Structures are given as C-alpha cells and as structure tokens.
Amino acid sequence: MIKVEKRNDVSRSIYFLTPILAIFLTLFGGGIIFFILGFNPIEALKFFFITPISDLYGLSELLVKATPLCLIAIGLSFCFKSNNWNIGAEGQLIFGGIVGGGVALLFYNHDGFYVLPIIILSGAIGGMLFAMIPAILKTYFNTNEILVSLMLVYVAKLLLDYLVVGPWSNPEGFNFPETRQFSESARMPILFDGLRIHAGIFITLITVFLSWLILYKTYLGFQIKVSGLSLKTAKYAGYKGKTMIIIVFMISGACAGLAGVGEITGPIGQLHRNISPDYGFTAIIVAFLGRLNPIGIIFASLIVALTYLGAETAQIFLQVPKYTGQVFQGMILFFLLGSDYLLFFKIKFLGLKKNEL
Amino acid sequence: MYKLFLRSLISVLFLLGFSLNANAEFKVGFVYVGPTGDHGWTYQHHEGRNAVEALGIKTTYVESVPEGADAERVIRQLAQSGHDLIFTTSFGYMDPTNKVAKDFPNVKFEHATGYKREHSNVSTYSARFYEGRTLLGHMAGKMTKTNTIGYIASFPIPEVIRGINAMTLAAQKVNPDIKTKIVWVFTWYDPGKESEAAQALIDQGADIIMQHTDSTAPVQVAEKAGVWSFGQASDMQRFAPKSILTSIIDDWAPYYVERSIAARDGTWKQQDTWHGLKEGMVAMAPYNSAMGSDLVKEVEQLQKDLASGKAHSFTGPIYDQKGNVLVAEGAVADDGMLAGMNVYVKGVEGDIPQ
C-alpha cells in the first residue's frame, strides 16, 4: 500500500528550483508531443522557443506580450499571498481599459503632455474600483470572492461590447464594433523606431519594484504574509483583516487596470471587443509559476509570453497546430503543481503486512 | 563604450535576423480569425488556400489569431519570413494590415471585408453575399406558413443590414405579408448564443431560420424544431439534412488563385474587389428537393438573372421603415449606397442597435 506523508523540512532553494524543473519537464513532454504529431522534436522546439526571440523585433514582441502578464501577476500575488482568490483580473483589466479608453476618447484631438498620465491613472483607478466590488462583498456580506470576481469578468466584457457597438463606436467606422484610433498624445511612447516596445515596460518595472518593497519591507507586507500562512494567527495578532482584504484587491485591480490601459494605449490604440486575449486568466499561471515572488514573476511572464510567440512561429514555419501553445502552458502548470506535491509530501511504498490481508 | 557595444550588438542581431529570413521562393500567407475546422468563415478561407496550394504554390497559414495586439505581430512575421502575398481574412485585421504594409512595400497584402487601403500594396476584397440573401428571401417567402422569418444577426454593420434588407425585399415580392424578426447576438461565432437566438425566434413563431453567424448551431436547432433553415458560409447540409433548404457558400478559391498567380507573375495591382454570383465568389449549395421542383426552378432562374445582371437585389421602389423612398421606382441601388447601408427597409421589425 501507498502512504502519503507531509514533509517538514522543505528546502528553500529547491522550492525556487522546482519551477525550472517544471519547465524542463515541459520541454521534454512537448518534445514527445511534437514527435507524436510527426514533427522533428528538436527542430519544433527550436522554432517554438528560440526562433521567436532570435532577432530584435522578436525580443521586443516578447516584452510587449510579457508586460501585461507580469503586471497582472504581480497584482495577483498580493491577493494570493493573503489567501484572497481574485480570479477576475480579466474583468479588472477590461474595466481599466474601458475607463482609460473613455478618457482617451474624451481627449480626442487634444495635445498635451498631461493627457497620457491622466489616461493611465484613470485606467488604474478603474481597475481598482472594479476589484473593490468582490472585496467589499466579501468583507461585509461574506460572499465568495472567487465567484463574484469571476462573474464580474462577464459584466466587464458585456459593458465593453455595449460601448464599442453603441455610444463609443467610431462615427466614421460604418458601425463596426470599435472606437476611433486614439490621438498621438494618448499613445504610449515607442522606445525604438520600428519596434512595438513602449513606455509601459517602465510602469511594469516600477510596479515590480514597489511590490517588492511593500511585500518584503513594510508592515503591510508582513500582515499579508501572516494572513496567508494562518488566518487565526493574523486575527490573534490583531491585524485588521477587512481593511487588508480590500487593500490587496485594490492593488491587484490597479495592476490589472494598468495592464489594460497599457494595451489600448500601446500596441492596440483603440477600444474594441478583443483588447485582451485572456491575459487576466493566463496571469494566474504566471503568478504561481513565479512563486508569487516579484522577481520570479518577471521570469515567469517572459516564459509564458514565449509560449504564445512560439505557437505562432511554430505554425508559420512548420504548420504545427496553434493550440500547442495552450498545451505548453497547461503542461508547465501541471508539472509545477506535480513537483510541488512531491516537494511537500512524501510518498511511501509500504509492503503489504500480514495482518492487513 | 558600453553603449557602442550595445549598438553594434543590436545591428548584428538585426542583420542576422534579416539574412536568415531572406528566401527566394514565392510564398503566400493566410491569417485566419478562427480554427480551420469551424465549418464556416475560416473553413472556407482554408479551402481557398488549399486551391492555391494545389497549384504548387507554397502557402502558410496561422489560425485563431486574435484581432487585438497579436494580429500585427503575426502579419509582420509572415512578411518578414519571406511571404510575398498575405491574405488577412477578418475585418479586425484592417489597421494591423495597413500598418505592416507600410513597412514592407514589396509584399502584397489582401484584406477581406475592410475599407482601408492606405498604401499601394494593400487591396481589399469582399463578396456580394446579399445576392445569395435575395435567393433565400424568395424561398423563405414561398415556404413560410406563419409569415414570420427569424434572422440571427451578428453586428449592425452595412454588410449584415444589407443581407437583412435584400432577404426581406425578395420575400415581400412573393409574399406581401412577410415579417422579419431579428435577434442580434453580437458575435460571429458562439454556438451557445446562436442556438438560444434560434430557439427564441422559433418560440416567437418563426418557421424559417437564417443566420449571419458562422456556427452550425442554428441549423441544428431548426432541424430539431422541424422548421426550415439556411446554412451560412459553407454547405452545412450534413448538419441538418431535413431542415436546410440551401446554403450560401463563400467561395474564395478562384479569387485566391487569381491573385496569387498575379502576385507571382508580377501583374498584381491594388484593387477593391466586390464579387458575387456572377464571378462565383458567392455560390449556392444544392437546393433541397423538399421545396418542390417548381420553386427550385424559379430560384435557379432568379440565380441566373442575378448573375447576368438581369435582376438586381435592390430594385426600386424601396421604402425605409417610415415609408420614405430609398430607391425610386425602376432604379437600382448603386454600390455606394449598398456599401454604407444603415437603415432597414419596410417590413423589418425593430430598430438597428445604435
């Protein structure tokens, strides 16, 4: 018979090494899948993970793709660390985009250095307010934040649909569901000519630094960590649980809102129905792959972004089905959770004893 | 010193990237909005690609490309990896296509259903689906018992409104009591929403279901409810063999073949193409014999007349919902009016969502 026992001595270095192990296992598993599909596994993996970033444009695209993932995941790490399950980052991203986009349309054909900062700020506030709905409902009415935040994703999506089809649609756009292109003053400055990497990356880096500062150097960060480890201890220590829940949701929502506003003022340049290819959900994988640690999340977001680019490149060069990208994301999470289980639990194979027969 | 090093590194990487991707062979790229197996819009574009491939021309496709920030990268990668002609097959690729076209003046771009041709290497193309709708309207007007036609519409853009109007006008011609009920689903592809819409229309008394969305869900609901239906984009007959009277087929193959050959031979020129039954970009699936041989003959004749130009889907007099004249008696609507159509004709129920 098999017995599962909890390990008491989990080494810290192994804890941070398992994500790397998970990535290697994913590469191995991916190679097998490519082989079964009839592709040369080495060549396919090369097109998947190396070709996309073999030139400057590719590197810039990797950062463009990783920026929103990293921002959202950083925000989510505040929630997840304190045992608050915010699953609705996608909705907060969209709502931030709606508010930021609305302000951008308000400033249509309006020049001035202050336009973009106002848009970015309003996007962050939009995401923050939207995230406060599940937080307040949880703290004062005891609702389940997983359900509320998830259902609010649909609310945000439908609101965006309504706005781009109706009141905000481009008056010269033949009723197509999209707004005007924002004015130049409302767009993120491009860092290099010919590349799409934009100033949003600085916002992301500043956010990562601030998160690290809050999580590891402030009393609030300490409270968040303690509540995550043991809610009872936190209560016993006299921490104001309700305020903290609302604060972590606000941080998380603001980050998602920033990601949304970064997308619409960066590579997209307008509002339409597809401003996010489910970044808010993918960022959940990123947050856990990065061990809810700011530095870890930076690397995790780059790796997950690469699976998107790789799926495109592999399809262009080898006509590998596009959905292999999602298979890779799933595999990374699967192997990570699997190795976590083995990390925290010991599996003992015991021989059958006579008295059990 | 450090900066200098960085700069030279960047330029070396750049050169490396370009030289690796340089390729002399003529290649055509396709960008799809859905999976190749959707049995609707993307499926038909993929069939068109297969026809190009059959000529011995090398092609590449990328499926399920979101219409957001990712589209530009995919189009650019195709341009950069040596594709000489790129078809972007969804409206949402309009701005990304024009943006990439600016940076790759030697690559030709073809954007489906859009209206922006900002550079001389961008063409646009679409099909006169409304001619097919006229045929559906004729059949619907003859086949309905409840005088109510259910129409599942996607977005209130001119193309969709044109289809609704063309269908209603043709149905009124053979059955003046006809009413068109519309449900807007605000999606091109969502089997769940589409089947709910079909059911709602049937519950309101519609005994004909037609769709301007791409999944096979509505015809399957119609089959179950025992009402008539029409397939969209591809021949959907096998999904609802009893219910489907015919399908409007988008046949992109001849166009893709013609443009690929032109690009390969250096005769490609910018143009705005709007082909219909005449050129075969709009085709009809076999007619269901359940509607009787007389009606089949009528419809086949009408199809010939539309193709030859003897008949026109928008022949006056045409009135809007308030009774104002849109097209005078004896006149036909010109392409400019069709391209910007944003009012319902008389006989359509409800308002266009604004």
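I call a residue buried if 20 or more other C-beta atoms, placed from the backbone, lie within 10 Å of its own. The model is predicted, and I keep to its rule that local features need pLDDT of at least 70 and side-chain atom pairs pLDDT 80 or more, while totals for chains, interfaces and linings use all residues. Residues are numbered from 1 along each chain as its sequence is written, and chains are lettered from A in the order in which they are written.

Entry, α6(A). I took helices (H or I, at least four residues) and strands (E, at least two) as DSSP runs numbered from the N terminus. In α6 of chain A, residues 145–165, I found A:Glu145, A:Ser149, A:Leu152, A:Val153, A:Ala156, A:Leu160, A:Val164 and A:Val165 buried, and these pack against α4 and α5 of chain A. An α-helix has 3.6 residues a turn, so residues three or four places apart point the same way.

Entry, α11(A). I looked up residues 279–289 of chain A and found 9 of the 11 buried, among them A:Tyr279, A:Ile285 and A:Phe288. Their cover includes α1, α3, α4, α10, α12 and α13 of chain A. Just after this helix, A:Arg291 takes a positive phi of about 60°.

Entry, chains A and B. Counting residues as in contact if their C-beta atoms, placed from the backbone, lie within 7 Å, I noted 32 residues of chain B against 26 of chain A. On the chain B side, α1, β2 and α3 each supply at least two residues, and α3(B) gives the most, with 6.

Key. Two residues are in contact if their C-beta atoms, placed from the backbone, lie within 7 Å. A residue is buried if 20 or more other C-beta atoms lie within 10 Å of its own, exposed if 12 or fewer, and partly exposed in between; C-beta atoms are placed from the backbone.
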